[in-house]
Amino acid sequence: MSAPPEVPAVVERAFEVGRRAGYVSFCRNETGRLLAALAATRSGTMAEFGTGCGVGTAWLRSGSRPDTVILTAELDEKLAVAAQEIFTDDPQVEVLAADWSTLRNKGPFSLLFLDPSSPEDASVDSVVDLVESGGIVVLDDFTPCEQWPPLTLGRVDTLRETWLTDERFTAVEVMVAPDASVLIATKN
Ligand SMILES: C[S@@+](CC[C@H](N)C(=O)[O-])C[C@H]1O[C@@H](n2cnc3c(N)ncnc32)[C@H](O)[C@@H]1O
């Protein structure tokens with residue numbers, strides 16, 4: 001897909017932090033550009049469950065408007081401290097070294113970015129009350145599937161199936177690359 005090779009300076013800083021931490025589990029640039037574009041439509045408070053080394057946070061920040069805040073929580077303290085370094089002088093981003101459940105009483109959020117590696121925490125029931133009406137949930141890291149119901153490793157992907165059919169959200173799976181897709185769900 002067509003995109004300039006350069007990434008925003010804040011994302012470059014996050015890559016550098018990740019390189020030093022030896023951490024490679026972060027969203028792809030295609031997803032990051034989507035996050036930035038969505039963040040640019042948001043007001044209020046956005047949140048991310050699982051900061052990693054701050055790459056997704058940095059993409060969100062690169063698109064965010066001046067009057068918004070991004071809260072992100074990372075369980076691994078070393079990673080959280082590394083990510084905090086990226087945003088030291090940035091009042092719009094708070095990186096918490098904590099379980100993401102800490103963010104549950106800080107919503108409702110205008111955008112919530114999740115990694116579905118923990119399907120229970122990423123379920124519709126688990127997050128519906130954390131998002132404001134009109135708010136967007138972005139779930140990263142799916143493999144595109146043209147079948148219905150969607151399959152992952154030969155099994156029905158019930159997490160994806162539920163997000164795409166739950167009446168509390170209007171949702172779509174978006175391919176960001178031939179081998180990668182994300183779910184975007186807007187709360188009705
Ligand atoms: C795939 S990485 C996140 C990548 C990041 N969102 C990005 O786009 O750059 C998932 C992260 O979630 C963190 N994590 C897992 N369980 C968690 C929990 N209960 N609370 C907070 N962070 C958690 C892991 O330590 C890991 O760093």
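Predicted model: local features only at pLDDT ≥ 70, side-chain atom pairs only at ≥ 80, totals over all residues.
The shell around the ligand has 19 residues, and the closest are Tyr23, Glu48, Gly50, Glu74 and Trp100. Sorted by class, the shell holds 10 nonpolar residues, five polar ones and four charged ones.

Where does the shell draw on helices and strands? Helix H3, residues 55–63, and strand S2, residues 69–74, each supply at least two of the shell residues.

Now the contacts from the backbone.

At Gly50, a backbone N or O atom lies 2.9 Å from a nitrogen atom of the ligand. Gly50 is also among the closest residues to the ligand. At Gly56, a backbone N or O atom is 3.0 Å from an oxygen atom of the ligand. At Cys27, a backbone N or O atom is 3.3 Å from a ligand oxygen atom.

How much of the ligand does the protein bury? On its own the ligand exposes 600 Å², and 83% of that is buried by the protein. As for location, the ligand sits in the largest pocket.

Next, the aromatic side chains. The count here is three aromatic pairs. One of them I will go through: Phe15 with Phe26. The two ring centres are 5.5 Å apart, the planes make an angle of 45°, and the pair is classed as tilted.

Why bring up this pair? Phe15 belongs to helix H1, residues 9–21, while Phe26 is in the loop between H1 and helix H2, residues 29–39, so the pair ties together parts that are 11 residues apart in sequence.

Last topic, the backbone geometry. There are some places to look at on the screen.

The peptide bond from Gly107 to Pro108 is cis, with omega near 0°. Pro108 is located in the loop that runs between strand S3, residues 93–97, and strand S4, residues 109–114.

Trp148 and Pro149 are also joined by a cis peptide bond, and there omega is about -5°. Pro149 is in the loop between strand S5, residues 131–142, and strand S6, residues 151–152.

Then there is Asp141. Asp141 is placed in strand S5.

To go back to the ligand before I stop: the protein buries 83% of its 600 Å², and backbone atoms of Gly50, Gly56 and Cys27 lie at the distances I gave.

How values were computed:
Residues numbered from 1 in each chain as written. Heavy atoms only, no water. Near = heavy atom within 4 Å. Polar contact = N/O pair within 3.5 Å; in protein donor to acceptor, adjacent residues only side chain to side chain. Areas by Shrake-Rupley, 256 points an atom, 1.4 Å probe, with all protein chains shown as cover. 1 Å grid on protein atoms, 1.4 Å probe; cavity = no way out; pocket = protein on both sides within 12 Å on 5 of 7 lines; lining within 4 Å. Sits in = over half its atoms within 2 Å of the grid points. Helix = DSSP H or I, 4+ residues; strand = E, 2+ residues; numbered from the N terminus. Nonpolar A, V, L, I, M, F, W, Y, C, P; charged D, E, K, R; others polar. Phe/Tyr/Trp six-rings, centres within 6.5 Å; stacked < 30°, edge-to-face > 60°.
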